[in-house]
Amino acid sequence: LSLRVAMPSAVERLLGNEAMARYNQVFAFVMRLKRAELALRSMWRLLRRDVRAAGCALHSLRLHVHSLRQLVFALTEHTVAYACIERASVLDTRLEQAASLEELRHAHEAFLDEVEVRCCVHAAGLPTANVLSALLGLPLKLRREVLDFVGIDVHGGEIDAAATVAWERLVLSSRRQLAFLCNALAASATTFAPIAAAAVPQQPGA
């Protein structure tokens, strides 16, 4: 997906094609966040509605989905809310104070630089961006697996022993992947580190 906006000629002269290409990188990151959010929302509704009668057999899965939702929300607040509220407010002030076209461009460049760094879509942020991409892919993978299991293993609210083991393995595998990626992100020298550190799944019984 890419962002295509028909801009007035004056705005086009101010921003230019390079700026729009940079916005496309930010837009792609936001879309990954949104896809993860929608996948988790879909799973949460499904687990609360269709398999509620299964009881504690799926309790760990519900907890895992809830933890993933909290993480994605924290990442969204850290990036999208930061750009659209905090930095956008600063940009508005700088644009109002600008006395020339050059000052307008400088204010916008500073804004875009800050947003790129925050979302790790700049060149130096590539290692962190790769971890974030894998992290945001977890909910999509988990949703596909959950839909497969729900369609096959849940009948009348009862889950047989073999299916219960399969559910437990699914959750354990996803939790391990989440822990690995969160630890990698927590070890990075980025503003995502505290969020990732707080989201590292606790080991059962810890």
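The sulfur of cysteine 120 is 8.0 Å from the closest cysteine sulfur, which belongs to cysteine 119, and this is too far for a bond, a disulfide being defined here as a pair of cysteine sulfur atoms within 2.5 Å. The structure is a predicted model, in which local features need pLDDT of at least 70 and side-chain atom pairs count only at pLDDT 80 or more, while totals for chains, interfaces and linings use all residues. Residues are numbered from 1 along each chain as its sequence is written, and side-chain values use heavy atoms, with hydrogens and water left out.

A disulfide is a covalent bond between the sulfur atoms of two cysteines. A search of the whole structure finds 0 disulfides, and cysteine 119 is accordingly in none, the nearest cysteine sulfur being that of cysteine 120. Cysteine 119 is buried, with a relative accessible area of 3%, where buried means under 20% relative accessible area, exposed means over 50%, and partly exposed lies in between (1.4 Å probe, protein chains only). Cysteine 120 is likewise buried, at a relative accessible area of 4%, and lies in the loop between H3 and H4. Although cysteine 120 is not a glycine, it has a positive phi of about 55 degrees.

The chain contains 6 helices and 0 strands, these elements being DSSP runs numbered from the N terminus (helices of type H or I with at least four residues, strands of type E with at least two). From the N terminus on, the order of elements is α-α-α-α-α-α. Of the 206 residues of the chain, 39% count as buried. Among contacts (heavy atoms within 4.5 Å) in the chain between residues at least 6 apart in sequence, 70% join residues at least 24 apart.

In soluble globular proteins, nonpolar side chains tend to be buried together. The largest nonpolar core in this model has 43 residues, and those with the most contacts inside it are Leu61, Leu71, Leu75, Leu135, Leu142 and Cys182; such a core is a set of buried Ala, Val, Leu, Ile, Met, Phe, Trp, Tyr and Cys residues joined through side-chain atoms within 4.5 Å. At least two residues of this core are supplied by each of H1 (9–49), H2 (59–97), H3 (101–119), H4 (126–153), H5 (161–186) and H6 (193–199). When its neighbours within four places in sequence are left aside, cysteine 182 is in contact with Leu71, Leu135, Ala196, Ala199 and Val200.

H2 and H3 pack at an angle of about 170 degrees, with their axes 10 Å apart, the axes being lines fitted to C-alpha atoms, for helices over the stretch in contact, and the angles running from 0 to 180 degrees between N-to-C directions. H2 is therefore roughly antiparallel to H3, since angles over 145 degrees count as roughly antiparallel, those under 35 as roughly parallel, those from 65 to 115 as roughly perpendicular and the rest as oblique. The residues that make the contact include His78, Tyr82 and Leu91 of H2, together with Leu104, Phe111 and Cys119 of H3.

Two further pairs of residues were examined by their C-alpha separations. Leucine 46 lies in helix H1 and counts as buried at 10% relative accessibility; leucine 46 and leucine 147 are 101 residues apart in sequence and 8.9 Å apart in space, C-alpha to C-alpha. Alanine 166, in helix H5, is partly exposed, with a relative accessible area of 22%. The C-alpha atoms of alanine 166 and phenylalanine 149 are separated by 8.7 Å, the two residues being 17 residues apart along the chain.
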